[in-house]
Amino acid sequence: MPRTPAQSRAHWERTADRMLLAVRPHATEDHGLIHLPGVPSHNGAHSDGLEGFARTFLLAGFRLAGAAGADPHDLAGWYAAGLAAGTDPKNPRRWPTFAECNQAKVEAASIALALHETRPWIWDRLSARVRQRVLDWLAPMVGNLMPGNNWIWFQAVTEAFARTAGGEWLQQDLDRTIALTDGWYAGEGWYSDGLTGAGHRNFDHYNGWAMHLYPLWFCRILGDAAPDGLLDRYRRRLHRFLRDQRLLIGGNGSPLIQGRSLTYRHAALAPIWTGALFDATPLPPGETRAIATRVLDHFTGHGAVDTEGLLTLGWHRPFRGVLQGYSGPASPYWAAKGFIGLVLPPGHPVWTEEETPLAVEQGDFHATLTSPGWLVSGTASDGVVRVVHHGGDHSDPARPHADDPGYARFAYSTHTAPETPGDPTLPGGSAGADPLDNAVVLLDAAGRASHRRPATRISLNGATAVSRSRAHWPRDATWDVFGGPDTAYALGPWITVGSALRGSVEVRAVRVDGDPGPGHVLRVGGWALAVDRAPADTRTARVEGADGLLSSVVGVRGLPNASVVPATDSNALGPASGTPVVETEGPVAHATLHIALVHLGATAPAAPPSVTTRARGTTLLADVTWPDGTVDTLRLPAPDPAAYTPWKDPARA
């Protein structure tokens, strides 16, 4: 039964309270550190303990701010004690300094935000000695040269709070942050999380939960002291972004499963709520709450919280395959950003108006997101939102990288997760794992799959997109997703891939230019689905998922061999999974066109598109005629070697 508006807010408040009370048994006696159970991050247990305090304090801050100080669980007193203990230099359980632990800079921003939001109930009631200790702990952030990504905002937000509280700050730090952020703005509401090489290539959830959130909160903290026009600039950008973001929520309540730090889960709601808080949203209030509540219930209903009430490391179930080395037991509590809506008072329209259907429930849609290089298709019949990806892949274009599953796949969705075998937090965990699902690869004589990063976008227009990459293979275990040493790869031919996306079907066309070497087979992978059991028939490229979805790949030109690749414990959505694939009969030939139909939906397409091919000079074309008569043309040009900086293969030098 749907909740009334009043019941909805109470549901959010109860959820926040349960999360906050569940961590208390794991705190030190003085509340300064919260040591949650689990494998420590590569930052160490001391850092993880600070993370537990800071991230739950941010949640407590939002909870207190929206309740106007009403505090039945003494959140203010509990966290005030932790502030006093953590900043006491004589306390053996004090917080690590920035010099001792770089991660502490990240957590400082959460502490600063929480202190700002709870100023009347916590900061103003701390003793002068404790307030000074907090400012002393924050002070080394001043003048610290932060990494060139979202980390600059940890510094800016921290110094903004210090400025309002009588602490140290540096105008040069704030000016640098503002200037870098403007340089990372790619247009249409999208930021690249820093620049990789010379381009905007880093698009993921950090666009929302960092690059839009912190600039606006920076202005909120500074108030009238914020630079003229800055708040309006950030508001306009967020307003534009939310036109796209609203499309990227599935009918099942799931955000898009793409990028890194996926264990932050609910944090994907940060820009949705921030838009409402800063009057920077095109969404009606009822749609804002509908998105938020559906996402909250999605994660609650799929194993995000364990029997103790603690957030787990994973997306649905506990699953280490989607983690990073910095992921520790308390990392999931960046989910606190998904509770920003509690800052809005109970009388705000997002809490009083009736919920409205999500974008994908209102009807089928197609969108072209130019900045990230995404084609988007949503289908109302099954609630699936699909993204076909020919944009930034979070890699330096000057050198080869292994394919990070969160960035290098050709497609992502709200209902599927990429295959991520192994534990990426361990040495050699999933480093160099063969790309499989939604990948276009060459298999060498040993059966190893090529990697594609970095890729170059060639075109993005309407329902079509084309990109190209140089196939390369890892040589040894030193290879990792951040790029191995120069001796860690072998080079192959150019692979150009074009996509036409409408409804549940992507037409994926591939050409290979250059000599791939003896025995190299071309393989095209479809969507990986979590399954109830390993697929019984692996001779057809068709998988029926545990949630009733169907994933299939049909080779319509040059890809006659079909199969399903089963896997265990390699998918965030379930312990067993299957990926449909099609392959060439034998070694791939130079400059030949291969075409597959890649489908994800509740049912098989009633009438698949037809495809005809032709050549215009050295460009290969595929004309796609859809059942309604619409025609899309994919143009796959031959690579111009002079247009690319060739990588030198040391083994062949």
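This note goes through the structure point by point, from the basis of the model to its cores, helices, sheet and loops.

1. Basis of the model. The structure is a predicted model, in which local features need pLDDT of at least 70 and side-chain atom pairs count only at pLDDT 80 or more, while totals for chains, interfaces and linings use all residues. Residues are numbered from 1 along each chain as its sequence is written, and side-chain values use heavy atoms, with hydrogens and water left out.

2. The main core. The largest nonpolar core has 138 residues, and those with the most contacts inside it are Tyr214 and Phe218; such a core is a set of buried Ala, Val, Leu, Ile, Met, Phe, Trp, Tyr and Cys residues joined through side-chain atoms within 4.5 Å. Buried here means under 20% relative accessible area, exposed means over 50%, and partly exposed lies in between, for a 1.4 Å probe and protein chains only. Helix H8 (residues 206–222) supplies the largest share of this core, twelve residues, where helices (H or I, at least four residues) and strands (E, at least two) are DSSP runs numbered from the N terminus. A second, separate core of 33 residues includes Val388, Ala471, Ile495 and Ala596.

3. Surroundings of Tyr214. Which residues does Tyr214 touch, not counting residues up to four places away in sequence? They are Ala109, Leu113, Trp153, Phe154, Val157, Trp209, Trp334 and Lys337, with contact taken as heavy atoms within 4.5 Å.

4. Surroundings of Phe62. Phe62 belongs to helix H2 (residues 45–66) and is buried, with a relative accessible area of 2%. When residues up to four places away in sequence are not counted, Phe62 touches Glu117, Trp217, Ala336, Lys337, Phe339, Ile340, Leu342 and Val343. The C-alpha atoms of Phe62 and Leu113 are separated by 9.2 Å, although the two residues are 51 residues apart along the chain.

5. Helix H4. This helix (residues 103–117) has 15 residues and reaches 22 Å from its first C-alpha to its last, close to the 21 Å expected at 1.5 Å a residue; the expected span is 1.5 Å times one less than the number of residues. Because 15 of the 15 residues of H4 are buried, the helix is largely enclosed by the rest of the structure.

6. Helix H10. Helix H10 (residues 270–277) is mostly covered, since eight of its eight residues are buried. Those buried residues pack against helix H1 (5–23), H8, helix H9 (230–245), helix H11 (285–300) and helix H12 (349–352). Just after H10, Asp279 takes a positive phi of about 50°.

7. The sheet. Four strands form an open sheet in the order S3-S4-S5-S6, with antiparallel pairing; two strands pair if DSSP finds at least two bridges between them. The edge strands are S3 and strand S6 (411–413), each of which pairs on one side only.

8. Strand S3 (residues 365–369) has a covered face made of Phe365, Ala367 and Leu369, and an uncovered one made of His366 and Thr368. Five bridges join S3 to strand S4 (residues 374–379), the two running antiparallel, and Thr368 stands opposite Leu375 in S4. S3 and S4 form a hairpin with four residues between them, and Gly373 in the turn has a positive phi of about 80°.

9. Cysteines. How many disulfides are there? The count comes to zero, under the rule that a disulfide is a pair of cysteine sulfur atoms within 2.5 Å. Cys101 is buried, with a relative accessible area of 9%, and Cys219 is also counted as buried, at 5% relative accessibility.

10. Asp74 lies in the loop between H2 and helix H3 (75–86), and phi of Asp74 is near 50°, a positive value in a residue other than glycine; at 44% relative accessibility, Asp74 counts as partly exposed. Glu188, in the loop between strand S1 (185–187) and strand S2 (190–191), has a positive phi of about 55° although it is not a glycine, and counts as partly exposed at 34% relative accessibility. The peptide bond from Arg453 to Pro454 is cis, with omega near 5°, and Pro454 is found in the loop between strand S7 (440–443) and strand S8 (455–461).
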